Amino acid sequence: MENLALISVVAVLALGIFSQWLAWRIQWPSIVIMSIAGLLIGPVLGWINPEAALGDLYGPLISLAVAVILFEGSSNLDIREIKGISKSVTRIVTIGAFLAWILGSLAAHYFAGLQWEIAFIIGGLFVVTGPTVIIPLLRSAKLKSRTAAVLKWEGIIVDPAGPLLALFAYEVIKVLSNEQLTMSNLLSFFGGAGLAILLGLAVGVLITVMATKGQFPEYLKSPIVLALVLICFMLAEVIMHETGMLAVTVMGLTIGRSKKYVSSIGNLGHFVENVSVMLTSTVFILLTASLPRETIAQMFTLPILAFVLVTLFVVRPLSIWISTIGTELDRNEKILIGWIAPRGIVALTVAGYFSSILVNDGYDEASLLTALTFALVIITVCAHGFTIGPLAKRLHLASNEPPGILIIGASNFAASLGEELENLGIPALIMDPSKGRLNLATAKGVQTFEGQILSEQARFAVDLTPYSTILSMTGDASYNALVSQSFAPEFGFNNTFSLPVAVNHQMNASELPISLKAHLLFREDATFTELNRKINTVYEIGEISIAEIENTENWLDELPEQITPLFIKKENEAIVFVTLRKKINLEEGDILVVLQPKNEKKEPTA
């Protein structure tokens, strides 16, 4: 039994992370790959049943994982993200959620054939979307910041509200159906929810105060916060079932707001985000792999499919359109937001809980809840996962341009590089706190932004979504290193580059580690000072066709010393920057961009 549990846990962990990697490689929504993987190893092939292998630990492990995911999402929310759309977000998470509850309940009764009592419980639960499914979709679709902010805020705020609505409906049903129960049940419900909010607020304030006073050693800061998240969730669940998610969401919102004022807790994000990615992958596969085959058969019955279709094409769009009347959202934004509402882990876990207690209360139809929920989750995940990108582009809510280049530091060389990128159809943005240094780039037609990239105000003022690569090219080596270190988690190490300020005489290039070579731009002697000196004198940025190069295997060694290779533009619009790690393959159709003397013959010497 121990080996079975060990094999199940390791297999699910490995498969979850591999699913995320495969989704990245083939550019599919990760949540779709995880769904397919879980169904294959579980009900389809019958290799693993995590629920049977883990036994009593199965439910608590999933609940704790959901708590961490909700905390991570809520702690990363910043009120500045919804500047100009706060009215829309407020309406969607209040009026929109209420309309979705009522309309969803009607659909569950008239189309799925559920009793009114069960219909109102499941209608409340299905208002959720949640960060476990929304955030992976937003990463892959690269929506414009305003639309992405609405979907993210809705998912995180409404996620704990769904279980509370379902629990509220259940308490009302108990009061109405049992004469021995009184309104004290409802009062205890509201009291429990209030205590959960106060608990989350108190723990969030406690962390903020202790971090401000330096009560956490740096190496223990993240583990302590993670432990307090789990404790907060557990205490709220003890107070009243299904309020733990509310408590950790409030806790995350409190800490997220404190990050604006307390810089010492601002570095928690990457640690918790990494844990959250792992848990999202793991939990979704745990749930789908534990799905019984009988449930799959029930999922494709006509009443359940009819309910899912009505939810997708009537309930969601109608609730969004009605709730956003007179708000800042335009027609295209309403269409996209009204379509995107995938359900995920919270709906699955809470539906299982209500299914068991309702069956025990004598509602036999409640046994369909698991099949109904899985059908809604799998169909919405696949439908929205595959359509969010194309629909966003069709509605002009996502960038149709190739991934752009963000250049930190305005200089004459940076302006010329940005101009060349724009000429090749690659969006470029140069950021610098000095308006004077940006004047040349502006004159060349390159997009500029006056601001400090490390400042939170600038990061929220500029939309970084269209840019997939960041180049740190200021005249301050330590600043370049700090920018690279700060943005490597967001852009990825392979898309984060830095320009040396001066030649390092302390260490020969051959002695540098390969990882550092791959991070430093251009040739060893191509420093900030030297490149700007050349561009200010008799050098210019030009292009060399690969057809002009005889030996494409050793082309770097054959280039004259006065020519500095900068980057290669591939036929698929991808940009590959030259770094100190010289191994770069040239292919037919590539364009090599170099810094060369003006009027220089462009063929490299043989």
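**Entry 1: the sheet**

I looked up strands β2 and β3 first. β2 covers residues 428-432 and β3 covers residues 447-450. They pair in the parallel sense over four bridges. I noted the terms: strands (E, at least two residues) and helices (H or I, at least four) are DSSP runs, numbered from the N terminus. Two strands pair if DSSP finds at least two bridges between them. Leu 429 stands opposite Gln 447 in β3. From β2 the chain goes through helix α19 (residues 435-443) to β3, and this β-α-β crossover is right-handed. Right-handed has a rule: with the strands pointing away from the viewer, the path from the first strand over the helix to the second runs clockwise.

This is a predicted model, so I kept its limits in mind: local features need pLDDT of at least 70, side-chain atom pairs count only at pLDDT 80 or more, and totals for chains, interfaces and linings use all residues. Residues are numbered from 1 along each chain as its sequence is written, and side-chain values use heavy atoms, with hydrogens and water left out.

Next I checked β1 (residues 404-408). β1 and β2 pair in the parallel sense over four bridges. Ile 407 has Ile 430 in β2 as its bridge partner. I reminded myself that strands of a sheet pair through backbone hydrogen bonds, either parallel or antiparallel.

In what order do the five strands of the open sheet stand? I read β3-β2-β1-β4-β5, with parallel pairing. β3 and β5 (496-498) are at the edges with a single partner strand each, so one side of each has no neighbour in the sheet. The twist averages 20 degrees from one strand to the next. α19 lies across β2 and β3, and it runs at about 170 degrees to β3. Such angles run from 0 to 180 degrees between N-to-C directions, with axes fitted to C-alpha atoms, for helices over the stretch in contact. Contact means heavy atoms within 4.5 Å.

**Entry 2: Phe 413**

I found Phe 413 in helix α18 (residues 412-423). Is Phe 413 buried or exposed? Phe 413 counts as buried because its relative accessibility is 1%. The cut-offs are under 20% relative accessible area for buried, over 50% for exposed, and partly exposed in between (1.4 Å probe, protein chains only). Leaving out residues up to four places away in sequence, its contacts include Met 473, Phe 522, Ile 541 and Leu 595.

**Entry 3: buried helix residues**

I turned to Ser 355 in helix α16 (residues 345-360). Ser 355 is buried because its relative accessibility is 9%. Beyond four places in sequence, Ser 355 touches Ala 366, Ser 367, Leu 369 and Thr 370.

Gly 385 is in helix α17 (residues 369-394). Its relative accessibility is 6%, so Gly 385 counts as buried. Its C-alpha atom is 7.5 Å from that of Ile 31, 354 residues away along the chain.

Helix α6 (residues 116-125) has seven of its 10 residues buried, so it is largely enclosed by the rest of the structure. Among the buried ones are Ile 118, Ile 122 and Leu 125.

**Entry 4: the cores**

A nonpolar core is a set of buried Ala, Val, Leu, Ile, Met, Phe, Trp, Tyr and Cys residues joined through side-chain atoms within 4.5 Å. The largest holds 121 residues. Leu 114, Leu 143, Met 251, Phe 354 and Leu 358 touch the most other members. Another core lies apart from it, with 33 residues, among them Ala 410, Val 446, Phe 522 and Ile 541.
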